[in-house]
Every structure is written in C-alpha cells, then in structure tokens.
Amino acid sequence: MDIQSIGIIGAGQMGNGIAHVCALAKYDVVLHDVSSEALDRAMALVRKNMDRQVTSQKITAEDRDQALKRIKTSATLGDVGATDLVIEAATERESIKDAIFEDLLPHLQPHTILTSNTSSISITRLGSKTDRPEKFMGFHFMNPVPVMQLVELIRGIATSKETFDACLTVVDRLGKTAASAEDFPGFIVNRILMPMINEAVYTLYEGVGSVTSIDQSLKLGANHPMGPLELADFIGLDTCLAIMNVLHDGLADTKYRPCPLLTKYVEAGWLGRKTKRGFYDYRGEAPVPTR
Ligand code: CAA
C-alpha cells in the first residue's frame with residue numbers, strides 16, 4: 001500500500017524526532033499530544049534541530065520551511081485517524097498505550113497501519129487488543145531520531161507480510177536502515193544495550209570504577225560515542241529501569257536483574273538529563289558526576 005500521511009501520537013523526545021524525519025521525507029504529518037504546551041515545545045525543538053541541519057548543510061532552508069509546513073499539530077486523537085500510518089510514541093507504559101489505542105480505533109480508516117515505537121513491550125500483546133493485529137507492528141526509532149540510522153521493525157505473531165513491506169518502504173524513504181527483529185523482550189537493540197548499561201551501574205555500585213572512569217573506559221577503550229552512564233542519562237534512567245524490568249520479567253533470568261543503584265536513582269527522581277540530575281548533575285555549565 002502507498003503511505004502518504006503519518007500520524008504520530010506523543011510529542012515527547014521520540015515523537016518530535018519522528019515528526020522531524022517524516023516531514024523531511026515529504027510525508028504529511030499529524031503530530032498529536034493531549035498537551036498543547038507539549039506540542040508547542042515539540043515544534044520549537046523540530047525547528048531548532050532542523051536549523052542545526054541547515055547550518056551543517058545537511059538540508060537547505062527551503063527543505064526546512066517545506067517540512068515545517070507539512071507538520072500539523074492536533075490535541076484531538078480523531079485527527080490522527082485520517083492518516084495511512086500511525087506511529088504511537090506515547091509514554092512507555094502498557095496501560096497508557098492500551099487506552100490510546102482504544103480511543104483511536106473508532107477513528108481509523110480500514111487500511112490504516114497501526115504501529116508502536118515501544119522499546120520493549122510485546123507487539124503481539126499490544127496488537128491483540130486492537131481490531132487489526134495483522135496491520136499492527138513495532139516501529140522502533142533510536143534517539144536522537146534525526147541522527148541515528150537504525151529503525152527496528154518488529155513483527156507480532158499476526159503481522160502480515162504486506163504490513164511489514166509497507167513499513168519497510170517508509171524506512172527506506174526516511175533514508176534510514178531497517179533491522180528486522182522478532183517479538184521477544186527488548187527486541188535486538190535493548191536486549192544488548194540495556195544489560196551493558198545495567199552492568200556499568202553495577203560496576204559503579206560495587207566500587208570498581210567512578211562515573212568518570214567507567215565512561216572514559218568505554219569511550220576511549222571501546223570507541224563508544226558516549227559512555228554507558230552518560231548514555232543512560234541521555235535515554236532516561238526510568239526508561240532504562242523499565243526496560244530491565246521487561247527483560248527480567250519476560251525472560252525470567254536473574255542475569256537481567258536491575259541494579260539496586262539504578263532503582264535508587266529513579267526513586268530519587270534523578271532520571272538523567274530530562275530532570276537535570278542522574279549519574280551527572282546538569283544544572284551547571286558542564287556536567288558533574290554525582291558519584
Ligand atoms: N537533531 C538533529 N541533529 C542533531 C541532533 C538532533 N536531535 N542531535 C545531534 N545532532 C547533530 C549535530 O548537529 C551534529 O551535526 P554535524 O556533525 O553535522 O555538526 C551531530 O549530530 C553530532 O552532534 P554533536 O556534535 O552535538 O555531538 P556528538 O558528536 O557528541 O554526538 C550524539 C551526539 C549523536 C548523540 C552521539 O553522542 C551519539 O551517537 N551518542 C549515542 C546515541 C545512542 O546510542 N543512541 C541510542 C540510544 S538507545 C535508543 O534510543 C533505543 C531505546 O529504546 C532506549
């Protein structure tokens with residue numbers, strides 16, 4: 001099927017990046033959020049990030065202006081129903097996603113493909129509660145969306161080949177690369193990345209290294225662009241903990257147990273960059289390790 005319009009639910013960290021890349025790829029975009037302040041913040045961020053791309057000559061000012069015009073914001077879920085492909089990028093909590101799908105279903109056209117940007121929740125289970133499990137799949141972007149090349153495409157048990165192929169065509173048009181993953185906890189990226197981050201937190205918890213020495217080790221010793229603790233702050237410590245819990249519960253193996261220190265940071269509300277404190281304190285000029 002020919003996808004021309006994309007509805008994005010949730011204007012947070014992931015939603016604004018998804019709107020950004022879809023609009024640059026000349027899709028008509030409807031960006032939805034229940035909060036009009038979140039929509040305003042998201043549009044300001046899209047403009048700021050497109051400006052960075054204009055400055056580094058990745059796109060022209062004309063590309064930016066045309067793309068910004070292609071994004072319509074809406075606080076009404078019904079407006080998303082008219083699109084050909086919906087990408088849900090709301091808060092990573094299953095009850096919230098279920099409630100959104102329940103409200104959205106009556107507005108959808110019969111042909112619309114419904115997807116979730118979930119980083120770890122079962123696609124089969126999410127899809128089974130909709131009226132279209134064969135037209136439902138995982139469409140998982142990486143953060144920051146305009147920069148990261150990968151999109152994980154996850155088929156639920158009922159997802160049809162036509163649905164998968166249509167989503168693959170969208171990934172191609174976005175200029176990104178798709179990795180096909182089976183629907184098991186954490187899919188591919190988070191199945192590997194989160195245990196590494198969790199192990200870095202254990203390394204800190206057990207006093208093997210400081211925040212600085214752990215991050216330096218992986219940056220300079222393994223050529224990672226960010227150290228694991230810096231990356232955890234970037235992703236959000238609440239998200240990291242939620243994904244570790246999905247791996248622990250879903251795979252029932254103690255090797256996935258979340259580090260108690262990660263839990264403590266989340267309990268303190270020190271969730272990383274978004275709350276200005278995590279493994280680093282971001283309230284000053286330069287980040288300062290908190291341990
Ligand atoms: N929008 C547009 N452009 C952006 C951007 C954004 N949001 N963020 C960064 N950029 C651009 C910058 O403008 C810059 O462009 P030029 O090279 O053309 O000047 C380029 O990206 C590099 O950015 P910076 O110079 O600011 O900083 P950097 O070199 O330190 O790179 C980074 C920043 C790209 C974030 C890099 O540190 C990195 O790749 N980090 C790892 C990110 C990662 O692992 N992401 C995956 C997380 S896991 C996930 O998302 C899945 C999940 O479910 C949890």
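Where is the place of Ser74? Ser74 lies in strand 3, residues 71-74; helices (H or I, at least four residues) and strands (E, at least two) are DSSP runs numbered from the N terminus. This is a predicted model, in which local features need pLDDT of at least 70, side-chain atom pairs count only at pLDDT 80 or more, and totals for chains, interfaces and linings use all residues. Residues are numbered from 1 along each chain as its sequence is written, and side-chain values use heavy atoms, with hydrogens and water left out.

**Ser74**

- Ser74 counts as buried because its relative accessibility is 6%; buried means under 20% relative accessible area, exposed over 50%, and partly exposed in between (1.4 Å probe, protein chains only).
- The backbone nitrogen of Thr76 is reached by the side chain of Ser74 at 2.9 Å.
- With neighbours within four places in sequence left aside, Ser74 is in contact with Val30, Leu31, His32, Asp33, Leu39 and Asp79, where contact means heavy atoms within 4.5 Å.

**Helix 9**

- Helix 9 spans residues 228-235 and is mostly covered, with eight of its eight residues buried.
- The buried residues are Pro228, Leu229, Glu230, Leu231, Ala232, Asp233, Phe234 and Ile235.
- These buried residues pack against helix 1 (13-24), helix 7 (189-205), helix 8 (211-222), helix 10 (237-251) and strand 9 (280-281).

**Nonpolar cores**

- The largest nonpolar core holds 38 residues, and those with the most contacts inside it are Ile6, Ile18, Tyr27, Leu85, Phe139 and Phe141; such a core is a set of buried Ala, Val, Leu, Ile, Met, Phe, Trp, Tyr and Cys residues joined through side-chain atoms within 4.5 Å.
- Helix 1 gives the most to this core, with six residues.
- A second, separate core has 27 residues, including Ala200, Ala232, Leu237 and Tyr265.
- Phe139, leaving aside its neighbours within four places in sequence, is in contact with Leu85, Ile87, Thr115, Ser116, Asn117, Val151, Glu152, Leu153, Cys167, Val170 and Val171.

**Cysteines**

- The structure holds zero disulfides, a disulfide being a pair of cysteine sulfur atoms within 2.5 Å.
- Cys22 is in no disulfide, and its nearest cysteine sulfur, that of Cys167, is 11 Å away.
- Cys22 counts as buried because its relative accessibility is 0%.
- Cys167 is likewise in no disulfide, with the sulfur of Cys22 as its nearest cysteine sulfur.
- Cys167 is buried, with a relative accessible area of 0%.

Key
Polar contact = N/O pair within 3.5 Å; in protein donor to acceptor, adjacent residues only side chain to side chain.
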